[in-house]
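Biologist: Can you walk me through this model? I'd like to start with the helices and then look at side-chain pairs.

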Amino acid sequence: MTALTALAADTPSLVQSVDWLAIAPVVITAVVGVAVLVADLFVTERHKPVLGWISVAGLAAATATLLPLRAGDRSTFCLTADPEACSYVADHFTVVVQFLVLAGALLTALLSVTAVRDTRMPAGEYWFLLLSSAAGAALLPASRDLATLIVALEVASLPAFALVGMRRGDRLSSEAALKFFLSSVTATAVSLMGVSFVYAVTGSLHLTQVADRLEDVPGQLDTLAMAGVALTLVGFAFKTAAVPFHFWVPDTYVGAPLPIAGYLSVIGKAVGFTGLILVTVIAFPAYSQVWGPAVAVLAALTMTLGNAAAVRQSADRPNSAVRLLAWSSVGQAGYLLVPIAAAAYSERDQIGSTLAYVLMYAAVNLGAFAVAALVARTKPQHRISDYRGLYAEHPLAALSLAFFLLCLAGLPPGIIGLFAKVTVFQSAVDAGLGWLAVLMAINVVIALYYYLRWTALLFRAPEGAEGARARTKAPWPVAAAIVATAVTAVVLSGAPQLVLRVASGSLFTQ
């Protein structure tokens, strides 16, 4: 008996303790989503709006649980044989991205409260899908093994397909959802093949172990490893809307409900960049000579094509405003790829510049979509020309949109946009990617044209009968979303060191 007791004491326990506080943001979001779906079975049609407010409260609670995690020192679901190899890590990188995702989903929910009611979309399904996607997006930055990464990516993506096609009977919505679904599934299949190649070479799915074992790959497996690295990046490059994986963006944004278009432009993009950072910087540093030049070329193509297409948008074309925001998001994705490419040639802390930029981009881009949701209440064709004279009708909304556009352009008084672009530009210079920095500067100048053209239109006198139109009152959830994003952008412009601290800090604990 004594020998058996001693043997049991020496055997590592296979039963793991779960750090519930670390996973609370994801769990709360998922649980509220299921609760809303079940409650939809019992709530009468008259009381369906309550489901939206439950969802808003759930996302607010999930965001609040990030406060105890701000130290960035928690992890769970670790291997008993190797405590450093964990499947879930709540470090500073995770906390920052989870805040961006959950706060962005909260703003999307505020915009959706009115949209769901006005367009008579099925409330229970809508809120369940939105919360499910947000839970997957919040899980992804904490994922530290390839299996969990792919699962989180699909949990974030699959509900988004249905959300895009939620407007039943709308041909554009159905086409957008189908195109989004087919292209995304193809990209995911390619990524899964890449993951299988990496596993075959390393015998592990945990990112830290994969990184260690890729340092010493036998010569006969080197080609397989390089193919695995390249293929794994495809799925995440698709989510970032990087060229040539960008073709789904304009039609998807046009066909989706406007709050979901804003959600995809920010949270969907954050998911892609988060996954791309984890697999390149954490798992594949040994093959930086493979993914570094590839990401740099993707950045150059993405920013150039995105800005060139945005310049070509006609102000009088239906949906031109949404298309311009879509192509603008493609161009912005090119800037966001620059620090990831730079990380292949210098310190991995360069990716802090990507997070700093995406924090600025999230606030102002969601704000632009919030103003678009307000304008669409009276002008549903989403034309850029519909914004002419907006200052005369909604002065605060017009000033907010002007500020958002100036931030995206990197012009004062949008100081935070300028600082974010400078950090990205500096990362390219520090990594020796001078050609990429020059190309970025050229693209920033090109983007000034369409941002300033739209901004000037806001303050021009309305044409014809539009000059005498009555002011329409903004629903308070939409107004709250505009105010929240505007205040955030102004605060960040007044204190850019808050974002620059993210750019210069060490984000990973392991």
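Predicted model: local features only at pLDDT ≥ 70, side-chain atom pairs only at ≥ 80, totals over all residues.

Biologist: OK. How many residues does helix α9 have, and how far does it reach?

Modeller: Helix α9 covers residues 222–239, which is 18 residues. From first C-alpha to last it reaches 27 Å. That is close to the 26 Å expected at 1.5 Å a residue.

Biologist: Which residues of α9 are buried?

Modeller: Among them are G228, V229, L233, F236 and F238. K239 is on the buried list too.

Biologist: What covers those buried residues of α9?

Modeller: The cover includes α6 (146–164), α7 (171–202) and α8 (207–214). It also includes α11 (258–283) and α12 (288–311).

Biologist: And what follows α9?

Modeller: A241 follows, and its phi is positive, near 65°.

Biologist: Let's go to the surface. Which residues form a nonpolar patch there?

Modeller: L158, L178, F181, L182 and V185. Together they have about 420 Å² of accessible area.

Biologist: Which helix gives the largest share of the patch?

Modeller: Helix α7 does, with 4 residues. L178 is found in α7.

Biologist: Aromatics next. How many aromatic pairs are there?

Modeller: The count is 12 aromatic pairs. One of them is Y126 with W127, and that pair is edge-to-face. The rings are 5.3 Å apart, centre to centre, with 80° between the planes.

Biologist: Are Y126 and W127 buried or exposed?

Modeller: Y126 is buried, and so is W127.

Biologist: Which residues make up an aromatic cluster?

Modeller: F161, F180, F181, F238 and W248 form one. You've met two of these names already. F181 is in the nonpolar patch, and F238 is a buried residue of α9.

Biologist: Change of topic. Where is H206?

Modeller: H206 is in the loop between α7 and α8.

Biologist: Why does H206 count as buried?

Modeller: H206 counts as buried because its relative accessible area is 11%, and the cut-off is under 20%.

Biologist: What is H206 in contact with, leaving aside its neighbours within four places in sequence?

Modeller: L79, A85, C86, S87, R144 and D145.

Biologist: Now the backbone. What should I expect in general?

Modeller: Most residues other than glycine have a negative phi, and most peptide bonds are trans.

Biologist: Which peptide bonds are cis here?

Modeller: The bond from V243 to P244 is cis, with omega near 10°. P244 sits in the loop between α9 and α10 (249–255). A cis bond also joins P412 and P413, with omega about 5°. P413 is in the loop between α16 (395–409) and α17 (415–430).

Biologist: What about phi at F77?

Modeller: Phi of F77 is near 55°, a positive value in a residue other than glycine. F77 lies in strand β1 (residues 74–78). F77 counts as partly exposed, at 36% relative accessibility.

Biologist: And H382, what is its phi?

Modeller: H382 has a positive phi of about 55°, and it is not a glycine either. H382 lies in the loop between α14 (352–375) and α15 (390–393). H382 is buried, with a relative accessible area of 16%.

Biologist: Last topic: how many salt bridges does the structure hold?

Modeller: There are 8 salt bridges. In one of them, D118 pairs with R377, and the closest N and O atoms are 2.8 Å apart.

Biologist: Where do D118 and R377 lie?

Modeller: D118 lies in helix α4 (residues 92–119), and R377 is in the loop between α14 and α15. D118 is partly exposed, at 41%. R377 is partly exposed as well, at 40%.

Biologist: What about D251 and K179?

Modeller: Their side chains meet in a salt bridge, 2.5 Å from N to O. D251 is in helix α10 and K179 in helix α7, 72 residues apart.

Biologist: And R383, which residue does R383 pair with?

Modeller: R383 forms a salt bridge with D386, with the closest N and O atoms 3.0 Å apart. R383 is partly exposed, at 25% relative accessible area, whereas D386 is buried, at 4%.

Biologist: Which residues are joined into a network by shared partners?

Modeller: R117, D118 and R377 are joined into one network.

Key:
Residues numbered from 1 in each chain as written. Heavy atoms only, no water. Helix = DSSP H or I, 4+ residues; strand = E, 2+ residues; numbered from the N terminus. Expected span 1.5 Å × (residues − 1). Buried < 20%, exposed > 50% of the residue type's maximum accessible area, 1.4 Å probe, protein only. Contact = heavy atoms within 4.5 Å. Patch = residues over 30% accessible without salt bridge, like charges linked within 9 Å, V, L, I, M, F, W, Y side chains within 5 Å. Areas by Shrake-Rupley, 256 points an atom, 1.4 Å probe, with all protein chains shown as cover. Salt bridge = Lys/Arg side-chain N within 4 Å of Asp/Glu carboxyl O. Phe/Tyr/Trp six-rings, centres within 6.5 Å; stacked < 30°, edge-to-face > 60°.
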